[in-house]
Each structure stands twice: as structure tokens, then as C-alpha cells.
Amino acid sequence: MTSENERIRRLLIDAVAVNVLRQVLDVARAAGVPVAPVKGVVLARWLYADLSERPYRDLDLLVPRESLPALEAAVVARGWPIRVRSVEMGDLEFEVDRLMVEAHGEFGRRDLSSLSVSDVLARASVDRSTFAFETLRIDDVDHFLLLVTNVTKKAYTYANAHQPADFERFLARLEPQWDVLVARARDASLSTALRSVSQWMADERGSALFRRFCGSLTRSSRLLPGLVRLQRRLDPARRARLEDPSGLLGLALATLTPDDWSLRLRGVERLVRRGILRRLGRDPG
């Protein structure tokens, strides 16, 4: 149960995040950059009766990869410090009012899905009800698939504690669109990831809803959820080595999760190359 002090702390963080979102959207619009808020700041409002039930620590945004340089220039001109800049990963992280803002130019991770941020933003709609100012709202099915890519790349058990609750509430909301969800996952080469996450929710999190949803999916390998169970039996040091994205589990996720073999091969190439650069003491970017 959340204490009153923790509840107040979460509400204060949310108030800061909403103010930061307004500022960033103003800067982005002036630079001609489309931006859509995702995850914590919006899911707290869409999926939970009380904002404080859904904690988050940063502000996540989707930005077309090709627009990241323009956003970065606008951020620098505004005087907000850049903390992370990764051209390869399509990530730009900067700080506003002591809150970290993460602008993502890739849909989760580009070797997990064929979906692009531009594809998703093309389906977005103008939202004038979530906040007191206008935002772009990505399609709910796309948002659910974004959560799938995020929990997959974080190796399931190393995902944030609130993500299973997000999944449970979101899947219930999407029940009339389950057929759309399955079809879009297939088109985005995310069917394997969707099946694996659904099995994880059903088997490891005991979700009856996901168990029912799994019944509408074609059978898939249980290797990835099995790896998750294996991790829990290992000592912390070995678990940490598996958690590393360049380690065994990262390799398994890259090679087994995407439906498309070209995505699998690209994931292996990326992991190997970035691992080599790190061992040489270089920043892979």
C-alpha cells in the first residue's frame, strides 16, 4: 500500500512532468518537430483512477528519427542540457527542471520491430482532453505494442514493477480490438514478441486475462519465458551478467523475438559490434 508521503511525492513529480511536457511541446512545435508523449505521463491518466497509482520518474516522447537533429538544436538553443545522445539507437535525453526527458526516435528498438515512429505518428490523433493543452495521442494498439517492445528489451523480469499492471489494464481496455492487435503485431514483425510477453504475463504473473488472450494466438516457443524462470534461480552476479543487453539473454532476445530474420540478424550484428566497442573502451554511441 502506498504511503501518503509517497503518494504526494508521485503527484509532485507528475505536476513537474506535465509542466515540462508543455514546455517541450512548445519548443518542438516552434522547430516543426512532431512529438507524442507516451508511457508514464499519459498511462497514469488513461489506465488508473488515481495518478499516484502509476509512478514514473521521467518523461518519454516519440519523435521521428529524422527530426531528432532539429529537436536537439532547439533543445540546445533553449539551454536545456543534453545528457545522452545516441545516433545509432535514436535516443536523445535532456534535462528540464531537473526532470529527465527521453526522446525516442525508434519504436522500442529497431531490431525488434519493423514499425517506425513515423508510422505510429501518422496514425496519431490530436488529443485535447488528457491535458489542459493539445498533444498528439498515438493509437492505443500502437501504444500497447510499444509496451511489448519495452518489456522485451528489458528482459521481462528486469522491466519496471508497474509494467505488468499497465499490461493488464491496457489489454482489458483493448479487448474489443484484440483482432486488430494481433494483426498489427503480425504486420510489424512483432507476433513472436506479443506471444512471448503474453505467455510471461499468463505464466509468471498469473494473469487470467492474458491466459485467455493467449488462446487467440498461434502457438509459440516458450524459450524466452523459460529463460526468465532460469534467471530467478541464479545468484545475483550471474543474473547481472544475463541482464546485460550484450550478454546471453540480450543475444537470445535479439535472435528469437523478432519475426523477421533480417531483424534478427541485425540485432545480432548490433549486439556483437557494440559489445566489441565497449570492450575496447569506446562509446558505441
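Both Arg 54 and Asp 166 are buried, a term that denotes under 20% relative accessible area, with exposed meaning over 50% and partly exposed the range in between (1.4 Å probe, protein chains only). These two residues form a salt bridge whose closest N and O atoms are 2.8 Å apart; the term requires a side-chain nitrogen of Lys or Arg within 4 Å of a carboxyl oxygen of Asp or Glu. Arg 54 lies in the loop between helix H2 (40-46) and strand E2 (58-62), whereas Asp 166 belongs to helix H6 (residues 163-173), so the pair ties together parts that are 112 residues apart in sequence. Helices (H or I, at least four residues) and strands (E, at least two) are DSSP runs, numbered from the N terminus.

The model is predicted: local features need pLDDT of at least 70 and side-chain atom pairs count only at pLDDT 80 or more, while totals for chains, interfaces and linings use all residues. Residues are numbered from 1 along each chain as its sequence is written, and side-chain values use heavy atoms, with hydrogens and water left out.

Across the whole structure, 19 salt bridges are found. Side chains of opposite charge can pair when their charged atoms come close. In another such pair, Arg 184 meets Asp 142, with the closest N and O atoms 3.2 Å apart. Arg 184 is in helix H7 (residues 178-187) and Asp 142 in helix H5 (residues 140-153), 42 residues apart, and the pair thus links distant parts of the chain. Both Arg 184 and Asp 142 are buried.

A further salt bridge joins Arg 212 to Glu 175, the closest N and O atoms being 2.7 Å apart. Here helix H9 (residues 208-214), which holds Arg 212, is linked to the loop between H6 and H7, where Glu 175 is located, 37 residues apart. Arg 212 counts as partly exposed because its relative accessibility is 46%, and Glu 175 is likewise partly exposed, at 33% relative accessible area. Through shared partners, salt bridges also join Arg 123, Asp 139, Asp 142 and Arg 184 into one network.

The strands include an open sheet of five, in the order E1-E2-E5-E4-E3 with mixed pairing; two strands pair if DSSP finds at least two bridges between them. Strand E1 (36-38) and strand E3 (82-86) stand at the edges with a single partner strand each, so one side of each has no neighbour in the sheet. E3 runs antiparallel to strand E4 (residues 91-96), and four bridges join them. Ser 86 has Asp 91 in E4 as its bridge partner.
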